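Look first at the chain as a whole, then follow the text through a few of its local features.

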Amino acid sequence: MTENSSPLAPGWLAVPENLDALQEPMWAAGVERNDAGEVTIDGLSVSELKAQFGTPLFVMSETDFRSRARAFKDAFDAAFADICGGVDVYYAGKSFLCTSVASWVTDEGLRLDTCSGGELAVAARAGVPGGNLSLHGNNKSDAEINRALDMKLGRIVVDSLDELERVAKIASSRGETAKVMLRLTPGVHAHTHEFIATAHEDQKFGLSMAGDSTEEAGLSAAEEAVAAATSYASIELLGLHCHIGSQIFEPDGFALAARKLLAFQAAMQSKYAIVMPELDLGGGYGIAYTPVDTPRPAAEIAEAMAAVVRSTCAELGIASPRISIEPGRAIVGSTTFTLYEVGTLKTVRVDAETGQEGQENVTYPRRYVSVDGGMSDNARPVLYDADYSAVLASRGSEAAPQLSRVVGKHCESGDIVVRDVYLPADVAAGDLLAVPGTGAYCWALSSNYNYLARPGVVAVRDGAARLIVRGETEEDLLNRDMGVANV
């Protein structure tokens, strides 16, 4: 066994035949290598981007973002045209949001889903019409509910019976009607990490569809919410909502959730003599972070979901409500890579089992490649054990592949950017690495841990780059410190 076939590598991680290859579908369209082997995006080299903007740096293809957004809208409109006249696609702003992205979303015919007052503020500054906005959240403040009503939001997604009562009271006190959807937990198990599975019973989101779950015997929390919503003069009940989780590849969970919600909606409409014109089936569609991930194209997702809705409505003998969905990661995730500069390197010896009976364990080398960012710009590996890939971006290399672990500069042993990846053996300080698939939940979860300034975000289009989020400076960090320097 050679070093390059070390058992320290996970089973899915094969030694690549070509370390310079940019493997699909992890990268945005327009990312390639030039004749010198340097990674470029729309013709701009990473060395040019580093010289102009520094590192770490989030590098996003605006063209790719717009293309993916438009692909979801076009594919779902086509698939659902004969069912409900098309689909309302809400971009999940929590994945990554700034005013530029909010405006792109609107340009491409999508709506915008928010989950805080801050995200509503971004939408307002970007000029997104209130009717194209939704507000999520399991613990909305009175101020957020009032802001949603001020902005005349298209819908407030209510997460609990307590919240439904608060929204009704606030709207009534204003002499207004709040447009509401009820978020349900259909009890569907999504094959994803525990912390991003959101439709099982034992978690904070949503109204349970399980019977006898409230004090009113025989009624689920979901049905009690429907009954209550119909009794409030200040509530317009638009319909139901669910979200089963994130980074999901298998279609079974989406299909089961759609069937359960359609059946429940039909039963509620019959029992309470109401019409709920909308049904939101959430998002959570997976993307490729590593070469073995196999995301489904937007058209394939749309056709599969349309088939389920079409057949279920036929079985129930009902007309389909207007369907909406909430892709976030599937639009923005692969549009972006993070650019880092390599600093220190070291190699340690690690014991590994041989797998052969009667043979002792053998030590193998593990190389640590440190970069100038880390868990402050990508918390997902430490939060969710998320896997990523990486490439040497500033040059090509004919050196042999070496199993490496890309780590950050924070004072934490868990500060891992890429747990296992093959990089050229000649990677050295000053080289640039690019980590693809960082558009979703990386900048959004970024922090100032160890007082690192958060990186900027650059959008590239037609060979030109511009900052859409300025990177922080030390002065930005110190301006919030109200100590002796500011007395």
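**Cysteines, a helix and a loop**

Cys313 is buried, its relative accessible area being 6%. The model is a predicted one, and a search of the whole structure turns up zero disulfides. For Cys313 the reason is distance: the closest cysteine sulfur, in Cys84, lies 8.5 Å from its own sulfur, too far for a bond. A disulfide would need the two sulfur atoms within 2.5 Å. Cys115 is partly exposed, with a relative accessible area of 32%.

Helix H2 covers residues 62-84 and has 23 residues. From its first C-alpha to its last, H2 reaches 31 Å, close to the 33 Å expected at 1.5 Å a residue. After H2 comes Gly85, with a positive phi near 80°.

Another glycine, Gly286, sits in the loop between strand E12 (278-280) and helix H9 (298-316). Is Gly286 buried or exposed? Gly286 is buried, since its relative accessible area is 8%, under the 20% limit for that class. Leaving aside residues up to four places away in sequence, Gly286 touches Gln247, Ile248, Phe249 and Pro295. Arg296 is 10 residues from Gly286 along the chain, and the C-alpha atoms of these two residues are separated by 7.7 Å.

Definitions and conventions
Residues are numbered from 1 along each chain as its sequence is written. This is a predicted model: local features need pLDDT of at least 70, side-chain atom pairs count only at pLDDT 80 or more; totals for chains, interfaces and linings use all residues. Side-chain values use heavy atoms; hydrogens and water are left out. Helices (H or I, at least four residues) and strands (E, at least two) are DSSP runs, numbered from the N terminus. The expected span of a helix is 1.5 Å times one less than its number of residues. Buried means under 20% relative accessible area, exposed over 50%, partly exposed in between (1.4 Å probe, protein chains only). Contact means heavy atoms within 4.5 Å.
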